[in-house]
Amino acid sequence: MPSLKKVFSSSSSSTPPVARTTTTTSDAAPPSYATQAASGDLAPPSFSAFPSSYKIGYHVATPPLVTPLELKQHLVVLAAFHELKRAVQAPDLVIAGAGGGCSVEDKDARWSVFLCEAVERFERWIAMLATSESVVLGPAELPPLDVALVWHAYTLNPKWYQEDTMRVLTPLRRFDGLTSAYPLEQLAATIDPATFLPIPNPTQAAAWTAFTGSPFDPIVAFQQTQGRSILDPMTKQGVFVPYVTPDGKGYAQQGFEFTTSQGFRLTHEVLGVAKFTRDVVRAREQEGYFFAGTAFSARETSSVITATRATAVKTAFFKIKELATLDDVQMGQHFRWSLSGARAAIELSRQFRNPRVLSTIFSAYSQGSPFSLELTTAVLRQGTFIQKMVDLGWTRTGRFDEEDDTVLKRSVARYHAFLDLISSMPSTFCVPTLDIDLAWHSHQLNAFAYREDTMKFVGRFIDHDDKVEESALSTSYDVTARAWKVRFGVPYSICGCPLPDEPVTKKFASKIGLAKKEGPLAPGPLIGATGDDEDCDATHASEHNSVIIVDHPTAQKNRSKREKELLLRRTRDEKAVTKGKLSPETLQRQRDGHDAAFLYPMALYPYYGVWGYPGYVAGCAVGTGAYINSGACDGGAGMGGGACAAGVGGCAGGVAAVVEAEVAVVEEEEVSLPP
């Protein structure tokens with residue numbers, strides 16, 4: 001293991017795949033996209049030539065940060081992921097091996113169990129890369145489609161992903177470009193553009209099977225699997241546990257529980273505590289190792305990654321007697337194998353003034369996988385977005401030919417405008433539309449460049465938070481829509497969702513620190529639609545990161561308020577049409593049953609039914625997973641607002657389930673060090 005200083009400094013030494021040219025303007029407030037006289041959302045002007053550069057804040061990005069070609073490649077990969085899910089959920093799929101003899105009849109439960117297996121295969125792929133002598137990702141190193149799906153969701157949590165490449169994904173660092181970019185072009189080339197099925201590659205399959213001893217085809221592997229091996233914290237030996245059991249205590253079920261031959265009871269929380277205590281010992285013995293959630297502060301403004309913050313946390317931790325002297329088993333016993341017990345011991349030391357520091361750290365130790373994210377639920381969260389792309393028709397074969405990629409060009413243009421908006425409102429949480437989110441996700445897949453670009457053009461590292469409480473997301477979307485109209489003079493969305501009332505420009509702009517821009521405008525890209533229903537729907541709010549608190553009084557009250565506000569906005573829009581300030585087509589889309597944002601929930605976290613599988617919540621619109629139950633969670637610690645989230649395979653240990661804790665990120669000064 002290299003030294004801590006070397007690990008941190010080397011992470012920013014790679015060369016981005018595409019060189020960016022940055023021009024800094026000296027004007028007090030250079031226009032990125034200037035306003036044009038606009039009223040309502042009347043028909044957009046025609047789209048002209050695709051720009052070769054964009055202004056973001058005080059800088060000019062040349063070439064653009066993401067291209068239509070990358071969006072096309074991304075859509076091909078998303079279509080393949082969708083086809084994989086359809087195959088797993090097919091009613092005629094025989095899965096006699098899955099679940100240790102307990103069949104998984106519910107299609108959503110089956111998909112969740114499949115993803116648990118995919119995460120385990122991702123672990124094996126990382127181990128496989130560690131044995132490779134290659135420094136270039138070739139056919140022999142490309143992962144199976146299910147592993148690529150997990151990796152994709154991982155990269156869309158950029159702050160955790162980049163930190164984990166320094167902690168637990170170190171084999172990726174040996175390959176040129178792997179910490180820089182997800183191999184989007186290579187993966188897209190392995191997918192049949194007509195069927196979106198993987199093109200057989202004997203070299204790829206043989207390398208995988210030779211190392212893992214399991215089938216390369218993820219469907220075949222799922223049909224044969226019984227469970228997985230996990231590490232017994234007491235004996236340090238592998239223990240095989242089934243994914244599914246009739247009594248709901250399998251590894252892929254909420255009530256996971258397994259008693260070893262020595263009588264030790266394993267749960268996801270116990271495995272998470274064991275991971276933490278092993279990290280304590282490893283950090284104590286190895287200078288180059290650091291704790292999860294400690295590398296980055298909330299508002300990074302420098303692309304140079306240093307060891308300062310991680311070292312400060314280590315120093316504070318090792319002033320605690322238990323962490324400085326006990327071995328991992330003794331520590332676990334001292335904590336009673338409980339995350340709340342571990343946290344309480346650290347809080348008693350008074351080394352940390354702000355509890356959010358520990359909330360962020362312990363969110364990475366809610367389960368026993370080596371990764372800081374619970375990757376199964378990360379994939380489920382992204383699944384909602386993939387389905388939206390399918391519903392838009394954007395994954396259809398031939399949807400975006402060379403002569404018909406105007407919508408993707410608009411997506412790229414609107415994404416750059418979105419970054420410009422963020423740069424102008426440093427204290428505001430901005431919410432993207434679907435077309436902007438596709439470009440944003442595509443940019444994040446180029447992990448190193450994404451970090452460098454946001455630092456350079458926006459002034460800070462922009463994380464991608466895919467766990468935001470529904471009401472907060474709705475409010476932030478309204479602020480984003482208003483700010484967009486003020487800054488660019490065009491509506492943010494024309495999907496059919498009634499937008500918020502236009503604010504008094506001076507008062508609103510002053511409140512959020514936003515200036516109206518003057519100068520030439522290419523308005524077509526900013527409108528975001530050609531007038532086609534599919535393209536208009538692409539400007540719908542991206543809701544895949546909306547976390548819904550079920551049966552919580554405040555959450556239900558906020559939803560009722562939004563329903564009343566929706567009716568008022570529709571009445572307002574009917575009057576606007578008669579005055580010529582709103583297109584009749586937009587009003588018609590409202591009447592045609594268009595689901596308003598943040599009123600028809602997108603599910604992200606699994607809610608477990610009586611059988612312990614992720615499933616539907618009665619009375620809510622969308623199933624498979626994304627709800628937070630307002631009741632109590634066994635073994636939890638520090639629940640926020642009385643809510644706890646169930647991750648696949650467990651109750652998320654409580655700590656990781658705190659909405660406020662996961663949304664909040666730690667500031668540098670929150671670590672209290674002795675003089």
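## Basis of the description

The model is predicted, so local features need pLDDT of at least 70 and side-chain atom pairs count only at pLDDT 80 or more, whereas totals for chains, interfaces and linings use all residues. Residues are numbered from 1 along each chain as its sequence is written, and side-chain values use heavy atoms, with hydrogens and water left out.

Helices (H or I, at least four residues) and strands (E, at least two) are DSSP runs numbered from the N terminus. Buried denotes under 20% relative accessible area, exposed over 50%, and partly exposed the range in between (1.4 Å probe, protein chains only).

Strand β2 (residues 54–56) and strand β3 (residues 59–62) run antiparallel and are joined by three bridges; strands count as paired if DSSP finds at least two bridges between them. Within this pair, I56 stands opposite H59 of β3. The two strands form a hairpin with two residues between them, and G57 in the turn has a positive phi of about 60°.

A cis peptide bond, with omega about 0°, links T62 to P63. P63 is placed in the loop between β3 and α2 (68–89).

Five bridges connect strand β4 (residues 227–231) with β5 in the antiparallel sense, and G227 stands opposite P242 in β5. In a regular strand, side chains alternate between the two faces of the sheet. Strand β5 (residues 238–242) has V239 and V241 on its covered face, while G238, F240 and P242 lie on the uncovered one.

Six residues separate the strands of this hairpin, and K236 takes a positive phi there. K236 lies in the loop between β4 and β5. Its phi is near 65°, a positive value in a residue other than glycine. With a relative accessible area of 36%, K236 is partly exposed.

F196 is not a glycine, yet has a positive phi of about 60°. This residue is found in the loop between α6 (184–189) and α7 (202–212). At 10% relative accessibility, F196 counts as buried.

## Covered helices

Helix α4 (residues 145–155) is mostly covered, with eleven of its eleven residues buried. Among them are D146, W151, H152 and Y154.

In helix α14 (residues 355–362), six of the eight residues are buried, so this helix is largely enclosed by the rest of the structure. The buried residues of α14 are V357, L358, S359, T360, I361 and F362.

## Packing of α15 against α17

Two packed helices are described by the angle between their axes and the distance between the axes. Helix α15 (residues 375–392) packs with helix α17 (residues 434–444) at an angle of about 120°, with the axes 11 Å apart. Axes are lines fitted to C-alpha atoms, for helices over the stretch in contact, and angles run from 0 to 180 degrees between N-to-C directions. The two helices are therefore oblique to each other; angles under 35 degrees count as roughly parallel, over 145 as roughly antiparallel, 65 to 115 as roughly perpendicular, and the rest as oblique.

Contact (heavy atoms within 4.5 Å) brings Q382, F385, K388, M389 and L392 of α15 together with L434, D437, L438 and H441 of α17. The residues of this contact divide into five nonpolar, two polar and two charged. Here Ala, Val, Leu, Ile, Met, Phe, Trp, Tyr, Cys and Pro count as nonpolar, Asp, Glu, Lys and Arg as charged, and the others, Gly among them, as polar.
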